[in-house]
Amino acid sequence: MKVREKGSTMRLIILAVTVLGWWFDACNTTEPQPPIPPVDTTSHDFTWTMQRLGDGNSSALYDVAVISDSLAYAVGEIYLRDSLGNFDPNVYNLARWNGSSWELLRIQFFTICGQSGRTPYPAKAIFAFGQTDVWIAMDGSQVARWGGNSQTATMCIPIAVKKLWGERPNSIYAAGYAGGIAHFDGVSWQALSSGTTLPIQDVWGGVNPRTGETEILAVASDPFTAPDRKILSVRGITVTALSDNGISTALGGVWFSSGSSYYVTGGSAFRKSNPGEATWTDALRSQGINVQYLDAIRGTAPNDVFAAGANGDVLHFNGGSWRNYRPQTGLTYGEYHAIAVNGDLVVAVGEDVGLGVVAIGRRTR
């Protein structure tokens with residue numbers, strides 16, 4: 001009996017030593033693991049150029065589209081004086097940038113829908129599919145098409161427009177006053193029921209790379225009355241409200257990289273990683289950054305996001321941190337109403353002391 005116990009004990013000891021030997025050999029032969037890669041960031045280094053358009057009379061720019069590093073369009077109302085020093089009543093509502101200077105142009109809208117007369121009313125929104133297909137909305141209920149060198153179409157639509165976003169030329173969304181949302185299917189415009197009468201300040205969309213579905217979000221708010229707000233999801237012609245938990249301010253802008261990073265702006269920039277999350281996070285105050293009001297936000301990727309608004313604030317998120325470029329982009333009393341980016345070029349437009357104002361940023365590395 002004792003011999004058998006001793007033999008069993010010795011076998012257990014030998015087995016344990018063998019296993020330990022294998023374990024030490026495995027540890028000694030395993031290749032070293034690569035270090036955890038750092039967070040992917042983009043450069044904060046931009047040089048800024050400031051330009052002002054118009055001679056006064058409450059000139060302003062309301063929206064902008066950047067098509068390439070040498071072509072951008074801005075829309076608004078730019079007033080010039082004539083040879084006698086009087087303001088020309090025919091406003092310039094489109095400005096084209098060629099990489100160095102701005103050319104003022106006029107889009108002619110119907111003076112009254114259904115009649116033949118034309119008037120260059122102030123323009124409010126712009127969306128470009130490319131240099132030869134640019135959509136421009138007046139500060140009212142008309143949309144025009146610009147072919148790069150001339151106007152190609154003018155349409156009356158069922159809402160008054162503040163912003164445009166297009167999936168393709170035969171699927172365009174307009175959003176604006178009194179909760180108005182309308183969809184163009186390539187033939188006609190259809191008004192959608194948004195469930196709110198608040199003015200819709202911005203609309204943006206994108207395709208989720210994992211599901212292939214198109215997502216469209218809009219924000220509705222009236223910052224001049226009360227901080228009531230709506231965050232809306234648009235799917236086809238159906239509009240539903242999403243949670244605004246974590247937000248206590250009016251809202252002015254929306255942008256997202258579908259499936260990964262969602263932003264709305266107003267009294268700060270608020271973020272989710274997906275629209276189904278219960279609560280929005282204040283992305284700026286978490287880094288100790290305070291702003292008065294951000295009208296607009298756009299980006300190229302989750303690590304390359306730009307926002308702009310009151311006091312000349314223009315901010316950039318590079319994937320790790322936010323940077324404010326004021327005072328380079330600072331204004332006297334005005335604000336930026338819109339911002340757009342293409343590659344290493346970013347353009348913010350707005351108004352300051354009665355003039356249209358443009359801040360052009362170029363990434364230097």
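Two strands are taken to pair if DSSP finds at least two bridges between them. Helices (H or I, at least four residues) and strands (E, at least two) are DSSP runs, numbered from the N terminus. The structure is a predicted model, in which local features need pLDDT of at least 70 and side-chain atom pairs count only at pLDDT 80 or more, while totals for chains, interfaces and linings use all residues. Residues are numbered from 1 along each chain as its sequence is written, and side-chain values use heavy atoms, with hydrogens and water left out.

The protein chain contains one helix and 30 strands. Of its 365 residues, 49% are buried, where buried means under 20% relative accessible area, exposed over 50%, and partly exposed in between (1.4 Å probe, protein chains only). The accessible surface of the protein chain is about 17,100 Å², and carbon and sulfur atoms account for 53% of this area. Accessible areas come from the Shrake-Rupley method with a 1.4 Å probe, and for residues only the protein chains shown count as cover. Contact denotes heavy atoms within 4.5 Å. Among contacts between residues at least 6 apart in sequence, 48% join residues at least 24 apart.

An open sheet is formed by four strands in the order 20-21-22-23, with antiparallel pairing. Its edge strands, each pairing on one side only, are strand 20 (251–257) and strand 23 (281–282). Strand 22 (residues 269–272) runs antiparallel to strand 23 and is joined to it by two bridges. F270 has D282 of strand 23 as its bridge partner.

A nonpolar core is defined as a set of buried Ala, Val, Leu, Ile, Met, Phe, Trp, Tyr and Cys residues joined through side-chain atoms within 4.5 Å. In soluble globular proteins, nonpolar side chains tend to be buried together. The largest such core has 55 residues, of which L164, I181, W189, V264 and W322 touch the most other members. Strand 17 (residues 214–222) supplies the largest share of this core, five residues. When neighbours within four places in sequence are left aside, the contacts of L164 include A125, I126, F127, W135 and Y173. Another core, of 18 residues, lies apart from the largest one, and among its members are V66, W102, L345 and I360.

The structure holds one disulfide, a term applied to a pair of cysteine sulfur atoms within 2.5 Å. This disulfide joins C113 to C156, with an S to S distance of 2.0 Å. The two cysteines are 43 residues apart and link distant parts of the chain, C113 being in the loop between strand 6 (109–110) and strand 7 (118–119) and C156 in strand 11 (residues 151–156). The torsion about the S-S bond is about -105 degrees, so the disulfide is left-handed. C113 is partly exposed at 38% relative accessible area, and C156 is partly exposed at 35%.

Most residues other than glycine have a negative phi, and most peptide bonds are trans. N57 has a positive phi, near 60 degrees, and S58 has a positive phi of about 60 degrees. N57 is placed in the loop between strand 1 (46–53) and strand 2 (60–68), and S58 lies in the loop between strand 1 and strand 2. N57 is partly exposed at 41% relative accessibility, whereas S58 is exposed, with a relative accessible area of 52%. The peptide bond from R326 to P327 is cis, with omega near 20 degrees. P327 belongs to the loop between strand 27 (322–324) and strand 28 (335–342).
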